[in-house]
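Here is a short briefing on one protein model. Read it with the sequence and the 3D view side by side.

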Amino acid sequence: MVEASVRRGVLESARKLLDFSVEKSCELYLEMNGYSLKTEFASARWLVRIEGGDFKKIIYAEGR
């Protein structure tokens with residue numbers, strides 16, 4: 001239950017990090033609560049990669 005709560009917080013932070021990267025046009029890397037968050041511009045799209053243990057997820061910027 002605690003892990004799910006931590007993961008929700010990490011995902012919310014990842015979305016905010018992605019918004020910042022899009023706005024400032026810069027790629028970022030951050031480690032948070034055992035997860036790595038990396039924004040990048042790939043194939044003409046902004047995305048954030050989230051990895052931690054067995055958990056991996058990619059979130060794309062919407063409409064940008």
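Arg49 is partly exposed, at 31% relative accessibility. The scale runs from buried (under 20% relative accessible area) through partly exposed to exposed (over 50%), with a 1.4 Å probe and protein chains only. Arg49 forms a salt bridge with Glu40. This is a predicted model: local features need pLDDT of at least 70, side-chain atom pairs count only at pLDDT 80 or more, and totals for chains, interfaces and linings use all residues. Residues are numbered from 1 along each chain as its sequence is written, and side-chain values use heavy atoms, leaving out hydrogens and water.

**Salt bridges**

- Side chains of opposite charge can pair when their charged atoms come close.
- A salt bridge here is a side-chain nitrogen of Lys or Arg within 4 Å of a carboxyl oxygen of Asp or Glu.
- The structure holds 2 salt bridges.
- Between Arg49 and Glu40, the closest N and O atoms are 3.0 Å apart.
- Glu40 is buried, at 13% relative accessibility.
- The other partners named are Glu23 and Lys24, whose closest N and O atoms lie 3.9 Å apart.
- Glu23 is exposed, with a relative accessible area of 61%.
- Lys24 is partly exposed, at 48%.

**Strands and hairpins**

- Helices (H or I, at least four residues) and strands (E, at least two) are DSSP runs, numbered from the N terminus.
- Two strands pair if DSSP finds at least two bridges between them.
- Strand β1 (residues 29-32) runs antiparallel to β2, and 4 bridges join them.
- Leu30 has Leu37 in β2 as its bridge partner.
- The β1 and β2 hairpin has 2 residues between its strands, and Asn33 in the turn has a positive phi of about 50 degrees.
- β2 and β3 are antiparallel too, with 7 bridges.
- Ala42 has Arg45 in β3 as its bridge partner.
- In the β2 and β3 hairpin, 2 residues lie between the strands, and Ser43 in the turn has a positive phi of about 55 degrees.
- β3 and β4 pair antiparallel over 6 bridges.
- Arg49 stands opposite Ile58 in β4.
- The β3 and β4 hairpin also has 2 residues between its strands, and Gly53 in the turn has a positive phi of about 65 degrees.

**The nonpolar core**

- A nonpolar core is a set of buried Ala, Val, Leu, Ile, Met, Phe, Trp, Tyr and Cys residues joined through side-chain atoms within 4.5 Å.
- The largest one has 14 residues.
- Those with the most contacts inside this core are Leu18, Tyr35, Leu37, Val48, Ile50 and Ile59.
- Elements giving two or more residues to the core are α1 (2-24), β2 (35-42), β3 (45-52) and β4 (55-60).
- The largest share, 6 residues, comes from α1.
- Contact means heavy atoms within 4.5 Å.
- Leaving aside neighbours within four places in sequence, Val48 is in contact with residues including Ala14, Leu18, Leu37, Thr39 and Ile59.

- Thr39 sits in strand β2.
- Is Thr39 buried or exposed? Thr39 is buried, with a relative accessible area of 0%.
- Not counting residues up to four places away in sequence, Thr39 touches Leu17, Leu18, Ser21, Cys26, Glu27, Leu28, Leu47 and Val48.
- Thr39 and Val22 are 17 residues apart in sequence, and their C-alpha atoms are 9.0 Å apart in space.

**Aromatic rings**

- Rings of Phe, Tyr and Trp (its six-membered ring) pair if their centres lie within 6.5 Å; planes under 30 degrees apart count as stacked, over 60 as edge-to-face and the rest as tilted.
- By this rule there are 2 aromatic pairs.
- Tyr35 and Phe55 form an edge-to-face pair, at 6.0 Å centre to centre and 85 degrees between the planes.
- This pair links distant parts of the chain: Tyr35 is in strand β2 and Phe55 in strand β4, 20 residues apart.
- Tyr35 is buried at 4% relative accessible area, and Phe55 is buried at 16%.
- Phe41 and Trp46 form a tilted pair, at 5.2 Å centre to centre and 55 degrees between the planes.
- Phe41 is partly exposed at 45% relative accessibility, whereas Trp46 is buried at 10%.
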